[in-house]
Amino acid sequence: MDLKRRLRDGRHRLWLGLARRGNEDAFRRLYDELYGPVAGYVAGRVANPQDAEDLTGTVFFRLVDGLDRFDGRRGSVLTWLLAVARNLVIDHHRRRQAHGAARDRTVPVEEMADVLAADRGDPLGTLVRDEDLRQLRRLVRRQPEEVRELIALRFGEGLSVRESAAVLGLKEDAAKQRFARAFRKIRQELLTDEPRRDEGEPACVTSE
């Protein structure tokens, strides 16, 4: 875990501990810093702005109710709230389907290729910066839903593999294995398809 993330998580735990003792300023600081990531996560999966806002509000109601139940050994405050948000989003779509409503148009993970390609110092980010984004979307779309969600959390939300695993309720080793398999498969297919994208020019592939 990098220093920036350790400082962030330590700051959140400190504020949460103070909020437990009734410090309103600490809770306000915690809310202000966590609202953006949580709201962005929900908005990326629920297209209706009012529904997304309501769900985000519910996440923070859960935070208030669960101040005494947070267990730092199971992850950071941010991963805890994103896990709550994920469950609320799933329940939201299930309720809509149960009542015969058309499912909200969510932002599919494969449409986040521009985010995946952002320079985050990660091997996949380095790999895809120079690749065709339409090709990347197609390859990511082939992955199982849980792997697509793992990729979105890792690159779209900027979480570590460990944090992403906590949000999805997976063991860290299992998440690492799934991510590594998906990364190898995407990388291999990108390299395999290189000649087709550069018609008439031989592909120059080097091994790392």
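Modeller: Let us start with a term for how open a residue is: a residue is buried if its relative accessible area is under 20%, exposed if it is over 50%, and partly exposed in between, using a 1.4 Å probe and protein chains only. This is a predicted model, so local features need a pLDDT of at least 70 and side-chain atom pairs count only at pLDDT 80 or more, while totals for chains, interfaces and linings use all residues. Residues are numbered from 1 along each chain as its sequence is written, and side-chain values use heavy atoms, with hydrogens and water left out.

First, some background for the close-up. The protein chain has eleven helices and zero strands, where helices (H or I, at least four residues) and strands (E, at least two) are DSSP runs numbered from the N terminus. Of the 208 residues in the chain, 41% are buried.

Now to the rings. A pair of aromatic rings is described by the distance of the centres and the angle of the planes. Rings of Phe, Tyr and Trp (its six-membered ring) pair if their centres lie within 6.5 Å; planes under 30 degrees apart are stacked, over 60 edge-to-face, and the rest tilted. The whole structure holds four aromatic pairs. One of them joins Tyr 31 and Phe 60, whose ring centres are 4.8 Å apart with planes at 65 degrees, so this pair is edge-to-face. Tyr 31 belongs to helix H2 (residues 24-43) and Phe 60 to helix H3 (residues 49-65), so the pair ties together parts 29 residues apart in sequence. Phe 60 also pairs with Tyr 35, and here the rings are stacked, at 5.9 Å centre to centre and 25 degrees between the planes. Tyr 35 lies in H2 as well, so this pair links H2 to H3 across 25 residues of sequence. Together, ring pairs join Tyr 31, Tyr 35 and Phe 60 into a cluster.

How open is each member of the cluster? Phe 60 has 5% relative accessibility and therefore counts as buried. Tyr 31, at 32%, is partly exposed, and Tyr 35 is partly exposed too, at 31%.

Leaving aside neighbours within four places in sequence, Arg 86 is in contact with Tyr 41, Glu 149, Val 167 and Leu 168, where contact means heavy atoms within 4.5 Å. Arg 86 sits in helix H4 (residues 77-98), and its relative accessibility of 18% makes it buried. Thr 79 is also in H4 and is buried at 3%. With residues up to four places away in sequence set aside, Thr 79 touches Glu 163, Ala 166 and Val 167.

Arg 5 is in helix H1 (residues 3-20) and is buried at 15%. The C-alpha atoms of Arg 5 and Ser 76 are 9.7 Å apart, though 71 residues of chain separate the two.

Our last stop is a pair of helices. Two packed helices are described by the angle between their axes and the distance between the axes. The axes of H8 (residues 145-156) and H10 (residues 172-192) come within 10 Å and cross at roughly 95 degrees. That makes H8 roughly perpendicular to H10. The H8 side of this contact includes Val 147, Leu 150 and Arg 154, and the H10 side includes Arg 178, Phe 179 and Ile 186. Arg 154 is buried, at 18% relative accessibility, and its C-alpha lies 6.3 Å from that of Ser 164, ten residues away in sequence.

How values were computed. Axes fitted to C-alpha atoms, helices over the stretch in contact; angles between N-to-C directions. Parallel < 35°, antiparallel > 145°, perpendicular 65-115°, else oblique.
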